[in-house]
Amino acid sequence: MGLDLTLLYRGPLVSCNYGCEYCPFAKRSQTATELNQDRQALKRFVDWILQRPAGDRIRVLFTPWGEALIHPWYQSEIARLTHCPQVEKVAIQTNLSCALGWVEACHKPKLGLWTTYHPVEVKRQHFLQQCRRLIEGQIRFSVGIVGLKAHRAEAQALRQALPDSIYVWVNAYKRQADYYTSEDIAQFTAIDPLFGINNQVYPSLGHPCRAGESVLSVDGEGNLRRCHFIPEQIGNLYQPDLEQALYARPCTNATCRCHIGYVHMPELGLDQMFGTGLLERIPEASGRLFASTTLN
Ligand code: SF4
Ligand code: SF4
């Protein structure tokens, strides 16, 4: 039987064109040499996938530290992956600031974008224009926002402006204990009916998780970790003994806090809720969570 793997790729990129104040990569730039290293690492990763047997089933989520899609090598490598028979899904987290012509080179049914709206960095109308282009181009995408109270009006306006068929998520702000009042929670839940799922910290120590068995975090050198949150290395993607590194491992962290982690805990059943949209964060029922489908 071939490999059945979800790969969470995070290469050497550590830079972004936006300046969100809570983010360590804000307005950071990298030298041409560093960016070239990122490009080579990405090419190696994609080449490895393309050389896998057609019987494999591989899904990829790019979770860069910074913004990747402003670099043409991410655009072209993602397009390459979408045409690969053993790849089922290619998704990427992005601030959606890039030009969008590259999506036309993709096999669109396999592409998914996890887009985040940063109201301090971009005008809402511009962000919505980018969303419109994705809708016209028939690209699957989710839209989200960090659930800061100061951004609630923007989050509401975003929800209102997008068709109901587009899922708008709100990431709970968890750095401050008891940040939300019950009124805040009600208002964010009105925007994102699944806000309550994200507004939790899940106890995970000793709990089963697909990370380490069928979900892996991969860095630019191919080093494997079960997820982005447990630093222990469990193998290397480019070594021949890869399959021996894959087995069920109970979680060794006390808690799991992020969507890209806890969705892989079987006890939460979120793989069923999100189905084929798990990586780009689109629930199966997103069309049914709301009613209309027109862009306001
Ligand atoms: S867009 Fe994302 S990566 Fe860039 S500064 Fe903002 S939070 Fe950080
Ligand atoms: S529960 Fe979260 S922290 Fe634990 S292994 Fe799974 S993804 Fe990693």
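Predicted model: local features only at pLDDT ≥ 70, side-chain atom pairs only at ≥ 80, totals over all residues.
Begin by selecting ligand 1, together with the residues around it, which are Cys16, Tyr18, Cys20, Cys23, Ala26, Gly66, Asn95 and His118. If you colour this shell by residue class, you will find five nonpolar and three polar residues, with no charged ones. The space that ligand 1 takes up is the largest pocket.

Next, leave the ligand and turn to the cavities. Rolling a probe the size of a water molecule over the atoms shows where empty space is left. In this structure there are four cavities of 30 Å³ or more, and the largest cavity holds about 140 Å³ of space. To find this largest cavity, select Cys209, Cys227, Ile230, Cys251 and Cys256, which are the closest to its centre among the 16 residues that line it. Sorted by class, the lining of the largest cavity has nine nonpolar, five polar and two charged residues.

Keep α7 in view as you move on, for α6 (195–198) and α7 each give at least two residues to the lining of the second largest cavity. Which residues line the second largest cavity? Select Tyr167, Trp169, Asp192, Leu194, Ile197, Asn198, His259, Tyr262, Phe274 and Arg281, and you have its lining on screen. The space inside the second largest cavity comes to about 60 Å³, and by class its lining divides into six nonpolar, two polar and two charged residues.

Notes
Residues numbered from 1 in each chain as written. Chains lettered and ligands numbered in written order. Heavy atoms only, no water. Near = heavy atom within 4 Å. 1 Å grid on protein atoms, 1.4 Å probe; cavity = no way out; pocket = protein on both sides within 12 Å on 5 of 7 lines; lining within 4 Å. Sits in = over half its atoms within 2 Å of the grid points. Nonpolar A, V, L, I, M, F, W, Y, C, P; charged D, E, K, R; others polar. Points joined across faces, edges and corners; volume = space filled by probe spheres on them. Helix = DSSP H or I, 4+ residues; strand = E, 2+ residues; numbered from the N terminus.
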